[in-house]
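Subject: A structure for you to explore

Hi there,

Here is the structure I promised to pass on. Have a look at it first, and then read my notes below.

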Amino acid sequence: MSSVLRPPAAGPDPSPAGQYRPISSHLAITPPVSVVIPAMNEAENLPYVFRTLPDWIHEVVLVDGDSTDATVAVARELWPKVRVVPQRGKGKGDALTTGFAACTGDIIVMVDADGSADGGEIVSYVSALVSGADFAKGSRFANGGGTDDMTFVRKLGNRVLCAVVNRKFGARYTDLCYGYNAFWRHCLDKIELDCTGFEVETLMNIRVVKAGLKVQEIPSYEYLRIHGASNLRAVRDGLRVLRVILAERSNRRELRRQERHSPMLGAFPGDPEDLS
């Protein structure tokens with residue numbers, strides 16, 4: 001897929017959107033981009049979130065977690081064509097999977113509703129995808145990234161957990177627990193998300209590696225939440241992330257044991273990692 005701005009070729013336009021959409025002075029795309037924003041009582045923060053979203057995106061899908069404030073009304077006022085999807089269950093993972101299922105775009109971008117993410121960075125994520133990546137992963141610790149919203153304890157925990165994932169799954173991440181990511185819709189068929197909580201971000205990062213998808217990290221800057229208080233708890237959520245890592249590691253070992261004894265594949269020597 002070319003990333004060079006050029007007029008459509010003669011004849012029927014094969015693109016889903018029916019036209020090229022300029023997204024910068026040197027880049028145009030045909031795949032429609034959906035932005036998923038899980039939100040619960042974020043009415044005060046949504047103006048900051050929507051203000052940074054580029055006007056060329058195909059759709060905004062707001063997943064409302066049964067808000068008791070004016071979250072839905074504010075979203076519709078700010079973005080009249082916003083698609084509001086009610087969340088049936090609980091947790092960030094449940095909200096995201098609900099939003100993913102509602103998307104009609106070929107590219108899906110995850111953005112938090114607390115005002116900590118800059119929507120202007122979406123162009124970098126999309127550029128990586130149309131240039132060949134399957135999954136564009138935001139990183140606060142890649143060269144050019146940063147954060148105003150992490151305590152020393154959270155930074156240390158993120159670094160340790162990231163090192164564990166890199167060691168056990170062969171990844172090369174610089175950041176693990178960050179929710180600003182983008183990917184081609186077809187990736188959902190390969191990672192099969194079955195997590196309802198905050199740890200869904202870690203699960204996605206592990207499973208894209210296990211699926212052999214091409215990942216590109218995107219430097220991203222995380223700002224402080226503008227209004228309200230975060231539900232994150234460093235120790236509690238860190239333990240939940242660790243449980244996900246251990247569960248995925250156990251699943252990987254079990255799969256390899258099954259492959260070794262598969263009559264279709266035949267037996268082969270044990271994986272040294274099974275001894276770790």
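Ile107 counts as buried, because its relative accessibility is 0% (buried means under 20% relative accessible area, exposed over 50%, and partly exposed in between, with a 1.4 Å probe and protein chains only). Please keep in mind that this is a predicted model, where local features need pLDDT of at least 70, side-chain atom pairs count only at pLDDT 80 or more, and totals for chains, interfaces and linings use all residues. Residues are numbered from 1 along each chain as its sequence is written, and side-chain values use heavy atoms, leaving out hydrogens and water.

Back to Ile107, which sits in strand 6 (helices, H or I with at least four residues, and strands, E with at least two, are DSSP runs numbered from the N terminus). Which residues does Ile107 touch, leaving aside those up to four places away in sequence? They are Pro31, Pro32, Val33, Ser34, Val126, Leu129, Val130, Phe183 and Trp184 (contact means heavy atoms within 4.5 Å). His58 is 49 residues away from Ile107 along the chain, and the C-alpha atoms of the two are separated by 9.5 Å.

Is Thr71 buried or exposed? Thr71 is buried, with a relative accessible area of 0%. Its side chain reaches the backbone nitrogen of Glu42 at 2.9 Å, and it makes a polar contact with the side chain of Asp69 at 2.6 Å (a polar contact is a pair of N or O atoms within 3.5 Å; within protein, one must be able to donate a hydrogen and the other to accept it, and residues adjacent in sequence count only if both atoms are side-chain atoms).

How do helix 3 and helix 7 (residues 200-210) pack? Their angle is about 60°, and their axes are 9 Å apart. That makes helix 3 oblique to helix 7 (under 35 degrees is roughly parallel, over 145 roughly antiparallel, 65 to 115 roughly perpendicular, and the rest oblique). Lys92, Gly93, Leu96 and Phe100 in helix 3 meet Val200, Glu201 and Met204 in helix 7.

Finally, the largest nonpolar core has 73 residues, and Ile37, Leu53, Phe100, Val109, Val126, Leu176 and Met204 touch the most other members (such a core is a set of buried Ala, Val, Leu, Ile, Met, Phe, Trp, Tyr and Cys residues joined through side-chain atoms within 4.5 Å). Its largest share, six residues, comes from helix 4. The buried residues of helix 4 (residues 122-130) are Ile122, Tyr125, Val126, Ala128, Leu129 and Val130.

Enjoy exploring!

How values were computed. Axes are lines fitted to C-alpha atoms, for helices over the stretch in contact, and angles run from 0 to 180 degrees between N-to-C directions.
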